[in-house]
Amino acid sequence: MTTEVVGESSRARRLGGHVVLGLLSLVCVFPIYWLYATSLRAPQDVSSLSVLPWPLSTASYTEAFAKNDVLGMLVNTGVVAVFSALGQLLVALLAAYAFAAWRFPFQRLLYLMFVGTWLVPFQATMLPNYVLLSRLGLLETLAGVIVPTLCSALGVLLLREHLNSFPKELLDAARMDGRTSWSALWTVVVPTLRPALAALGILLAISAWNEYFWPAMVLQRSNAVVQLGLRSFMGTEGNDWGPLMATAGLACLPVFALYLVLQRHIVNAFVRSGLK
Amino acid sequence: MKRTLLAACAATLLLATSACGLGSESTGSEGPVSRVPELKPDQKVSIVFESYNFGQAGAWTDTFNELIAAFEKQHPNISVTAQKPQGNSANPATDTISSLQSQLTAGSPPDVVQLGFSDLDFTVNQLKALPLDDLVGKDAVQANFDGEQYPYAESARTLGDWNGKTYGVPFVFSTPMLYYNKQLFTQAGLDPENPPATWAEVRDAAKTIQQRTGKGGAYVDCLTKAAKDWCFQALVRSNGGRVLSEDRSTLTFAEEPSVEVVRVMQDMVKAGAMPNRTQMQAVESFARGDLGMILESSAIQGTFLKGAGDRWELGAAAMPSFDGKQAVPTNSGAALFVFSKDAAKQRAAWELIRFLTSERAYTTIATKIGYLPLRTGLVDDPDGLKQWAGENPYLEPNLKQLEHLEPWVSMPGANYLQIRDGMMQAVENAVYQGADPAESLRSVQEEATGLMQGGGK
């Protein structure tokens, strides 16, 4: 085997790879382009198939704002995403710290139970959760949307893996310095884990932002979050594509903005979790 | 690792079974239903009204909120909380039953619920909707149908009845109409003022449009699982058949009249007269002006008018018939049912139903949403809907169809959805995927008959 041939073929292969990647990214970007294109069409052109929306019109955005409190929805969704992500981070951090820093009876069993909850499909826990919320009087509140999401097995799992590779000597040193385990957590562990926490936090916030099913169960009397607001343009009498696309376009913006600012962290988060 | 998996599986199974257990108990109140007393003048009641109309922004939500505000003004002691069904379907109307079931499980069902006619058997026999005849008396129920001035259309009065008792007051519904694009008719050399009246004519016109304009011919929105079975039932009834025997004991959708309907439709697809599309695609493409005709619920008319704008003109005709037979439209739509457990709430629920089905409410609903007024006399009343009817040329064929209207029959037993979906899947396979109509309907009917015996309580 000669090295020239390998070099030749690898260049060709690289070019081919880029062509494939380019095509695939077009395939990915096109629906997003179509979303914004449709949202900018005039009402009578909404189902038009022309590639360029012309004449441009903001009628769909005006209609969306007239029919729904879009700003209020975006704020509410933001509140849900932030609190849900922060809550999950806190619970996951404390649990992972306990699993990694101590040896205690039934540790393995308890950990397996955490992992087990990850495998239980949401559909199976949905009704019991709903009944519980109904008894707590939390239906129809944003708190009702947030509370059942607070404990995330995914978070515990990921942070425990990070903490397992955390040098035990540092903890021992902190203890010798006379720190309590609580202060060791905040002064030693958290600062070193910051990249992992940031990545996980972003991942959790984005999935809470996009969550549809659970808010739809809890918030029956309003369209308080934006994903529910989207559905209100679909119905028995056909879909209102214009305002639907306009609201969807607006709902994507915060996530895009987050992505632009924290691109490195987000890619990191998805790679670390092995999830989409 | 094996142990991990085992433990996880066990946990999953445990949770899954407990959740199922919860589901199966979800029925409404049992036992005899006694007459509820009138509310005392100072008695305050609050009730919950669940309707899929609140799931749709714009005219639907706004009109219903307006009606409820008017009701609360008229009944200062009753306060009404409105909500939409919970669930994750794109169309909130398909979540109504599962939403009600989960609230029954939680022990707090809504007091008044708007449910589709296709769910009637399940609503009455499994979810235990309250019989209005027992609750407020047959006289009161009939008096409401008679109205203050304009009675319900005769064929609409009994659509929410079960074994001679009224459980649901029919509220909103639509009939299947043949919408067509007048511009495409003219381009194809057809007479836009003389739309096809039989399926053979539809087929010929569709082929002409397809050949001369290159656009789609005709689409019939009754032939896919997603479309449900309401207008498929209309086609079968129009051809002299039924999907279920009149005593509700035998499925009959594999019999010759149904098979023939499916064959006629399959032939249209094979001949290129009907494009092979999903419902959504067909509706969008008709709205865009790329399809000649569509048999569709009159409720979607607004979407068509919006799409037509000033670029093409919408025409509407009654549902076509099979040669030499009377076309029999069936209704889609919903009725209002009561599920309250408390006597005062039951009475308040009835007051709300009376208000929502009053002359005044129908005038508001028809003008603002466009639903058919079930008190048909309103369209001749200058103070009612006369002006609106005059501005709405599509109304007349729709109202005329009420004369021959037959109910959309709900499938029997607890497995009614599997039966209905199985039947429509067989129809879809035959019409759009070329399966043999007789064979695919027969095999599904056999399977579904088993579901019926096991399922009915």
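# Exercises: loops, strands, a bend and a disulfide

Arg248(B) lies in the loop between helix H9 (230–238) and helix H10 (256–270) of chain B. Helices (H or I, at least four residues) and strands (E, at least two) are DSSP runs, numbered from the N terminus.

This is a predicted model, in which local features need pLDDT of at least 70, side-chain atom pairs count only at pLDDT 80 or more, and totals for chains, interfaces and linings use all residues. Residues are numbered from 1 along each chain as its sequence is written, chains are lettered from A and ligands numbered from 1 in the order in which they are written, and side-chain values use heavy atoms, with hydrogens and water left out.

## Exercise 1: backbone exceptions

**Solution.** 
1. Start from the rule. Most residues other than glycine have a negative phi, and most peptide bonds are trans.
2. The classes are buried (under 20% relative accessible area), exposed (over 50%) and partly exposed in between, with a 1.4 Å probe and protein chains only.
3. Take Asn163(B). At 74% relative accessibility, Asn163(B) is exposed.
4. Turn to chain A. Pro55(A) sits in the loop between helix H1 (3–39) and helix H2 (59–67) of chain A.

## Exercise 2: a five-stranded sheet

Work out the strand order of the open sheet of five strands in chain B, then decide whether E11(B) is enclosed by the rest of the structure, and why.

**Solution.** 
1. Write the order: E2-E1-E3-E11-E6 (chain B), with mixed pairing. Two strands pair if DSSP finds at least two bridges between them.
2. Neighbouring strands are turned by 20 degrees against each other on average, direction ignored. Axes are lines fitted to C-alpha atoms, for helices over the stretch in contact, and angles run from 0 to 180 degrees between N-to-C directions.
3. Pair strand E11 (residues 332–338) of chain B with E6(B): antiparallel, five bridges. Phe173(B) stands opposite Gly333(B), and Val169(B) stands opposite Leu336(B).
4. Pair E11(B) with E3(B): antiparallel, five bridges. Here Leu115(B) has Ala335(B) as its bridge partner.
5. Check burial. Seven of the seven residues of E11(B) are buried, so the strand is largely enclosed by the rest of the structure.
6. Sort the directions. Ser332(B), Ala334(B), Leu336(B) and Val338(B) point one way; Gly333(B), Ala335(B) and Phe337(B) point the other way.

## Exercise 3: a bent helix

Compare the end-to-end distance of helix H9 (residues 181–210) of chain A with that of a straight helix, and locate the bend.

**Solution.** 
1. H9(A) has 30 residues, and a straight helix at 1.5 Å a residue would reach 44 Å. The expected span is 1.5 Å times one less than the number of residues.
2. The end C-alpha atoms of H9(A) are only 36 Å apart.
3. H9(A) bends by about 65 degrees at Arg194(A). The bend is the angle between axes fitted to the seven residues ending there and the seven starting there.
4. Look along the chain. Pro195(A) follows within four residues.

## Exercise 4: cysteines

**Solution.** 
1. The criterion is a pair of cysteine sulfur atoms within 2.5 Å.
2. The partners are Cys222(B) and Cys231(B), with sulfur atoms 1.8 Å apart. Both are buried.
3. The torsion about their S-S bond is about -100 degrees, so the disulfide is left-handed.
4. Cys28(A) is exposed, at 53% relative accessibility.
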